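This briefing is intended for a reader who wishes to relate the sequence to the three-dimensional model. Please keep both in view while reading.

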Amino acid sequence: MTGPGPLALVVEDEPAMARLLASILGSAGYRTFVVATGRDALAQAATRAPDVVLVDLGLPDRDGIDVVRALRAWMRAPILVVSARGQEQDKVAALDAGADDYLTKPFGAGELLARLRVALRHAARGPSGDVATFAAGDLHVDVERREVRRGGTDVHLTPTEWKLLAVLVRHAGHVVLQRDLLREVWGKAAEAQGVGHYLRIYVAALRRKLEDEPAQPRWLVTEPGVGYRLRDEA
Ligand code: CA
């Protein structure tokens, strides 16, 4: 690596967890700065301009969700929530508040670093730099050409399957909320119309066409109660 690595602001009040995060990040070339309160997080984010912020939800002075929301109000750097709270509503609340992704404790170092790479890559591309292609394993998707190939063979998708896959490709690596998938594929009123089960049906159909083992998907994975993620790193 040339030059200093990306600066990660770690917002974590448990010293052991803060040390673990700093150690994992340091070994991957990140510079880290650790704070233990929401108040310090907001102050240090403003003065240090971190490249990425990792936020624990259980902080001594204020809820981590509020910290995420306050940061997102002005900051563009990606925010990764790293929390022991694994409830679906906490994940949705964190993503709604503006977090780019979340990771539930305990987590593996490889998983943390992969999520950070994805977040930084998306941030580098900017809001209008949508990716039009996705490649993982023997799967290749080209959104502009409307082409899907698996193991060198063309895969035929229905128009709805195609719409769904295109949304997931644009957010590759990130979890996409069920609500957002419904809105983007079926339109604004989809959720109110109770068509949530369509999503499961079309995800299952896509898996049959894209996955070697549709029952144990490798690429199109479920984030239970939250949404779906097209994994772009093995
Ligand atoms: Ca905590």
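The structure is a predicted model, in which local features need pLDDT of at least 70 and side-chain atom pairs count only at pLDDT 80 or more, while totals for chains, interfaces and linings use all residues. Residues are numbered from 1 along each chain as its sequence is written, and side-chain values use heavy atoms, with hydrogens and water left out. The protein chain is assigned domain 1 (7-125) and domain 2 (133-230), with bounds that come from an automatic or database domain assignment.

**Domain arrangement and interface**

- The C-alpha centres of domain 1 and domain 2 are 27 Å apart.
- Contact, defined as heavy atoms within 4.5 Å, involves twelve residues of domain 1 and 13 residues of domain 2.
- About 990 Å² is buried between domain 1 and domain 2, and carbon and sulfur atoms give 52% of this area. Buried area here is the accessible area (1.4 Å probe) that two parts lose on being put together, summed over both.
- Glu88, Tyr102 and His122 supply 35% of the area that domain 1 buries against domain 2, more than any other three residues.
- Between domain 1 and domain 2 there are four residue pairs in polar contact, both residues being at pLDDT 80 or more. A polar contact is a pair of N or O atoms within 3.5 Å; within protein, one must be able to donate a hydrogen and the other to accept it, and residues adjacent in sequence count only if both atoms are side-chain atoms.
- Helix 4 (88-96), strand 5 (101-104) and helix 5 (109-125) are the elements that give two or more residues to the side of domain 1 that touches domain 2. Helices (H or I, at least four residues) and strands (E, at least two) are DSSP runs, numbered from the N terminus.
- Helix 4 provides the largest share of that side, five residues.
- The residues on that side of domain 1 comprise five nonpolar, one polar and six charged. In this classification, Ala, Val, Leu, Ile, Met, Phe, Trp, Tyr, Cys and Pro count as nonpolar, Asp, Glu, Lys and Arg as charged, and the others, Gly among them, as polar.

**Salt bridges**

- Side chains of opposite charge can pair when their charged atoms come close.
- The whole structure contains 17 salt bridges, each being a side-chain nitrogen of Lys or Arg within 4 Å of a carboxyl oxygen of Asp or Glu.
- Two salt bridges are found across the interface of domain 1 and domain 2.
- Asp101 and Arg229 are joined by a salt bridge between their side chains, at 3.0 Å from N to O.
- Asp66 and Arg69 form a salt bridge with their closest N and O atoms 3.2 Å apart. Both residues lie in helix 3 (residues 64-72), three residues apart, about one turn of the helix.
- Asp66 is partly exposed at 33% relative accessibility, and Arg69 is partly exposed with a relative accessible area of 45%. The classes are buried (under 20% relative accessible area), exposed (over 50%) and partly exposed (in between), with a 1.4 Å probe and protein chains only.
- Arg85 and Asp90 meet in a salt bridge at 3.8 Å, N to O; Arg85 is partly exposed at 30%, whereas Asp90 is buried at 18%.

- Val55, in strand 3 (residues 52-55), is buried with a relative accessible area of 0%.
- Beyond residues up to four places away in sequence, Val55 touches several residues, including Val11, Leu71 and Ile79.
- Asp56 belongs to the loop between strand 3 and helix 3 and is buried, with a relative accessible area of 5%.
- The side chain of Asp56 reaches the backbone nitrogen of Gly58 at 3.5 Å.
- Among the contacts of Asp56 outside four places in sequence are Glu12, Ser83 and Lys105.

**Backbone geometry**

- Lys105 and Pro106 are joined by a cis peptide bond, with omega about -5 degrees; Pro106 lies in the loop between strand 5 and helix 5.
- Ala49 has a positive phi near 45 degrees, although Ala49 is a residue other than glycine. Ala49 is located in the loop between helix 2 (38-48) and strand 3 and is exposed at 54%.
- Arg146, which is not a glycine, has a positive phi of about 50 degrees. Arg146 occupies the loop between strand 7 (139-142) and strand 8 (147-150) and is exposed at 55%.
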